[in-house]
Amino acid sequence: MNRIVGSHDILLVTLDTLRHDVAAELAEAGRIPNLARHLPGGRWEKRHAPGSFTYASHQAIFAGFLPTPAEPGRHPRLFAAAFAGSETTADGTFVYDTPDLVSGLAKAGYRTACVGGVGFFNKQGALGSVLPGLFEESHWEPDFGVASPTSFESQVARAEEIAARRAPDQPLFLFVNVSALHQPNWFHLPGASKEDGDSRATHAAALEYVDRHIGRLFTAMSSRRPCLALVCSDHGTAYGDDGWTGHRIGHESVWTVPYAHFLLDQGATR
């Protein structure tokens, strides 16, 4: 990471609420081709979320605690705050002496920008201002939120604007919180109705919707220099699994998430 920081733009995408099992099934079935072509080996890595709901998980992610590989062992981190006794800071870890990754990258010369999605990024109250307040610029509007059937394409359009107007000599750290997977998502499945409600099938349809537009985001972020892309879920959600529904609970469907990081060459296309 010490060779990446400063030379590459950095894109962090959280696919809010995406379950690992659904993500893995769609990749294997060829239903998310634009994402799968970038996944190492065409597969998501299985990881454990650092929190069971958006606010907790993003606080951890922005502190450098990305989802942890779902296998025993001590797993070195890509980013870490300077902290005596840290057992997951390694030679390749980018270490910063600020309280969070966002300000750490800003101190390293990055422009930091946030395109929010779910309510914890809507800046409509004190709580919804904490996470976007970490960034030098942050964006949210109702078209980006969970109730919009076109939320992700609206978010991508804003991200394209941010990428286009960045200073040529300044690297960009762009964070996008994708709200489309979060409830309600029934409207992403053709023929579904509000009365039908949300399900694993509508959750999957929402991921297919995201896949149709994410190539534009990758193209925008690799237009001026190579880009490190990190794409993951912050937590999953239950759709009646073992009688559980929703998240902020200790269930396998919530704690197990998909993760990938990969490099986009400069001038990469969708």
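Aspartate 234 is buried in the predicted model, with a relative accessible area of 0%, where buried means under 20% relative accessible area, exposed over 50% and partly exposed in between (1.4 Å probe, protein chains only). Residues are numbered from 1 along each chain as its sequence is written, and side-chain values use heavy atoms, with hydrogens and water left out. As the model is a prediction, local features need pLDDT of at least 70 and side-chain atom pairs count only at pLDDT 80 or more, whereas totals for chains, interfaces and linings use all residues.

Aspartate 234 is placed in the loop between β9 (227-232) and β10; helices (H or I, at least four residues) and strands (E, at least two) are DSSP runs, numbered from the N terminus. Contact is taken as heavy atoms within 4.5 Å. With neighbours within four places in sequence left aside, the contacts of aspartate 234 are Leu15, Asp16, Thr17, Ala49, Pro50, Gly51, Thr54, Ser57, His58 and Val257. Between aspartate 234 and threonine 256, 22 residues apart in sequence, the C-alpha to C-alpha distance is 9.4 Å.

Threonine 54, one of the contacts of aspartate 234, belongs to helix α3 (residues 54-62). Threonine 54 is buried, at 4% relative accessibility. Residues up to four places away in sequence not counted, threonine 54 touches Asp16, Val118, Phe120, Phe121, Asp234 and His235.

Two buried arginines lie in loops. Arginine 19 is found in the loop between β1 (9-15) and α1 (20-28) and has a relative accessible area of 2%, which classes this residue as buried. Beyond residues up to four places away in sequence, arginine 19 touches Arg200, His203, Gly236, Thr237, Ala238, Tyr239, Asp241, Ser253, Thr256 and Pro258. Histidine 213 is 194 residues from arginine 19 in sequence, and their C-alpha atoms are 19 Å apart in space.

Arginine 166 occupies the loop between α6 (151-164) and β8 (172-178). With a relative accessible area of 6%, arginine 166 is buried. The residues touched by arginine 166, those up to four places away in sequence not counted, are Asp9, Leu172, Ala220, Met221, Ser223, Arg224 and Arg225. Phenylalanine 152 is 14 residues from arginine 166 along the chain, with 21 Å between the two C-alpha atoms.

Backbone geometry was examined at three further loop positions. The peptide bond that joins glutamine 183 to proline 184 is cis, with omega near 0 degrees, and proline 184 is in the loop between β8 and α7 (200-221). Lysine 123, a residue other than glycine, has a positive phi, near 55 degrees. Lysine 123 is located in the loop between β6 (111-115) and α5 (127-130) and is partly exposed, at 38% relative accessibility. Aspartate 242 is likewise not a glycine and has a positive phi of about 50 degrees. The loop between β10 (238-241) and β11 (244-246) holds aspartate 242, which is exposed, with a relative accessible area of 68%.

Over the whole chain, 8 helices and 12 strands are assigned. The radius of gyration, taken over C-alpha atoms, is 17 Å, close to the 18 Å that the globule rule gives for 270 residues, so the protein is as compact as a globular protein of that length. The globule rule is 2.2 Å times the number of residues to the power 0.38. Along the principal axes, the C-alpha atoms fill a box of roughly 50 × 40 × 40 Å. Of the 270 residues, 53% count as buried. Among contacts with a separation of 6 or more, 71% are between residues 24 or more positions apart. On a 1 Å grid over the protein atoms alone, a pocket is an open set of points where a 1.4 Å probe fits, with protein on both sides within 12 Å along at least five of seven lines, and lining residues have an atom within 4 Å of a point. The largest pocket is lined by 14 residues, of which Leu66, Pro69, His75, Pro76 and Arg77 are the closest to its centre. Two or more lining residues come from each of β3 (68-69) and β12 (256-264). The lining comprises 7 nonpolar, 5 polar and 2 charged residues (nonpolar: Ala, Val, Leu, Ile, Met, Phe, Trp, Tyr, Cys and Pro; charged: Asp, Glu, Lys and Arg; polar: the others, Gly among them).
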